[in-house]
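Okay everyone, thanks for coming.

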Amino acid sequence: MATTIVQRLGPKRAIVASTVGPFLYVVANFYPLFYTLIPAAAFAGFCQGVIWTAHATYIANIAASYTELTNEKIQDVLSRFNGIFFVFYQACQIIGGMISSIILKSPEEEGPPSLNGFYANGTWNSNATAPGNGTPLPMASLVVQSNATTDYSHCGTGYCPHSSGVKGAAPVDRRLVYILVGIFTACALTGILVLAFLLDRLEGQMRKTQASVGKQLVAVFKFYYNRYAICMVGVMFYSLLQAAFMFGEYNKAFVTCTIGIHNVGFVMMTLSASSAVAAFVNGKVQKWTTRPPLLTIGFLFQFGVFMTLLSWKPTPADMPVFFILVVFWGIGDGIIMTQDISIIGFLFSHKKEPAFAALKMTQSVANFTFFMVSPYLCTVKKIAFVLTVLVIAATGYYALELILLCERRRSQKKEPPSEKIQIPKDDQATIKT
């Protein structure tokens with residue numbers, strides 16, 4: 001439906017109207033029950049499909065206008081503009097991670113009694129002291145203890161959601177949750193107001209479609225019959241799958257299980273900072289390096305992180321490793337996310353809306369698939385699954401570059417050779433003079 005909505009409302013109106021969905025989902029967390037969160041999540045998911053389609057369409061249009069003014073290559077401008085966008089996109093992750101970590105870590109020294117406790121014989125005890133010494137336990141210690149005092153074999157690749165040996169994190173005081181949700185609500189409302197009053201409408205640059213709703217829906221699915229799309233579908237699927245793995249599985253099986261939930265925000269803040277820098281640099285250097293070397297770096301960095309995760313047995317003593325891994329992962333994430341949208345915008349500039357709608361639909365299917373199977377698979381199997389998709393995505397992308405190279409060579413052969421103009425000798429002498 002995103003294509004139809006964006007075409008009829010325009011990118012700006014579609015973005016502003018759709019931001020209501022995520023805003024309501026944040027507000028629903030004040031009263032997190034099944035009948036509040038599930039409908040709010042469904043509506044937010046629908047709206048996010050529209051937001052991402054409209055945002056990509058907006059950037060593609062201003063990139064095309066900028067290209068006409070500067071005579072730069074459209075693929076380079078798209079990459080640079082998307083890189084700038086993702087810098088600010090990741091900045092919100094940095095700010096959000098900092099806020100959540102500071103708030104969740106605040107009870108470490110002076111926490112309310114409800115936050116103190118320990119695991120004994122598989123049961124959470126809300127006592128303020130641990131058995132045996134009568135000493136109050138800080139929140140950070142509790143989170144680690146909740147996963148096991150000295151044995152971390154069930155963390156990392158050994159993590160299994162259905163295993164009886166896996167313990168959840170210590171409960172978080174509802175007052176802190178309300179503070180956190182309140183701050184995020186204010187941030188979301190500020191974002192809506194900025195979009196509504198400061199974003200240009202692109203009047204005169206967007207042409208209205210005359211196609212019916214049915215034809216626009218069919219156009220989204222016809223996108224997948226294009227050979228370029230077939231090659232890119234792996235990258236499209238992987239681009240959000242890798243983010244879902246990092247924000248979901250890495251945080252749960254590696255970070256929270258080993259060093260505590262209060263460190264999740266700091267780790268994700270590092271990831272987002274690395275991704276933001278990579279996205280910005282990617283947009284700047286593509287005119288000299290072209291796409292293939294950049295995406296190769298992104299693929300190799302994330303492949304290397306996967307190999308490390310498969311062999312690594314995390315413990316609290318490995319604190320720097322948690323951050324080093326996300327730095328390398330963030331470099332790959334910044335490159336892949338930026339190039340994914342830029343390539344689609346370049347190859348399908350004549351039908352941007354259905355192309356970007358199909359991109360978001362593919363990414364959403366990846367997200368849905370991962371979180372649907374997440375409660376039933378151990379971490380090592382999830383790594384194997386995402387790693388397989390990475391290999392398929394890279395293979396499809398290189399096939400696309402090969403197709404484009406062959407087409408460029410064929411088009412160059414068909415071009416007639418330039419005729420040399422013979423200048424008379426008298427005219428040559430005049431020109432020299």
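Before the first spot, one term: a patch here is built from residues with over 30% relative accessible area and no salt bridge, and nonpolar side chains are joined into one when they lie within 5 Å. Also keep in mind that this is a predicted model.

So, which residues form a nonpolar patch on the surface? They are Val27, Phe30, Tyr31, Leu33, Phe34, Tyr35, Ile38 and Tyr178, and together they have about 830 Å² of accessible area. The element that gives the most to this nonpolar patch is α4, with 3 residues. If you want one member to look at, take Phe30, in the loop between α3 (20-28) and α4. Phe30 counts as partly exposed, because its relative accessible area is 30%.

Let's zoom out for a moment. The protein chain has 15 helices and 2 strands. Of its 433 residues, 45% are buried. The accessible surface comes to about 21800 Å², and carbon and sulfur atoms account for 66% of that. Now take the contacts between residues at least 6 apart in sequence: 79% of them join residues at least 24 apart.

You'll find Phe346 in helix α12 (residues 319-347). How far is Phe346 from Ser79 in sequence and in space? In sequence they are 267 residues apart, while their C-alpha atoms are 9.5 Å apart. Setting aside neighbours within four places in sequence, Phe346 is in contact with Ile74, Gln75, Leu78 and Arg291.

Gln363 is buried, because its relative accessible area is 6% and the cut-off for buried is under 20%. Who touches Gln363? Not counting residues up to four places away, the contacts are Met236, Ser239, Leu240 and Asp340.

Lys73 is in the loop between α4 (34-70) and α5 (74-105). With a relative accessible area of 55%, Lys73 is exposed.

That's my tour, so please ask away!

Terms used:
Residues numbered from 1 in each chain as written. Predicted model: local features only at pLDDT ≥ 70, side-chain atom pairs only at ≥ 80, totals over all residues. Heavy atoms only, no water. Helix = DSSP H or I, 4+ residues; strand = E, 2+ residues; numbered from the N terminus. Buried < 20%, exposed > 50% of the residue type's maximum accessible area, 1.4 Å probe, protein only. Contact = heavy atoms within 4.5 Å. Areas by Shrake-Rupley, 256 points an atom, 1.4 Å probe, with all protein chains shown as cover. Patch = residues over 30% accessible without salt bridge, like charges linked within 9 Å, V, L, I, M, F, W, Y side chains within 5 Å. Salt bridge = Lys/Arg side-chain N within 4 Å of Asp/Glu carboxyl O.
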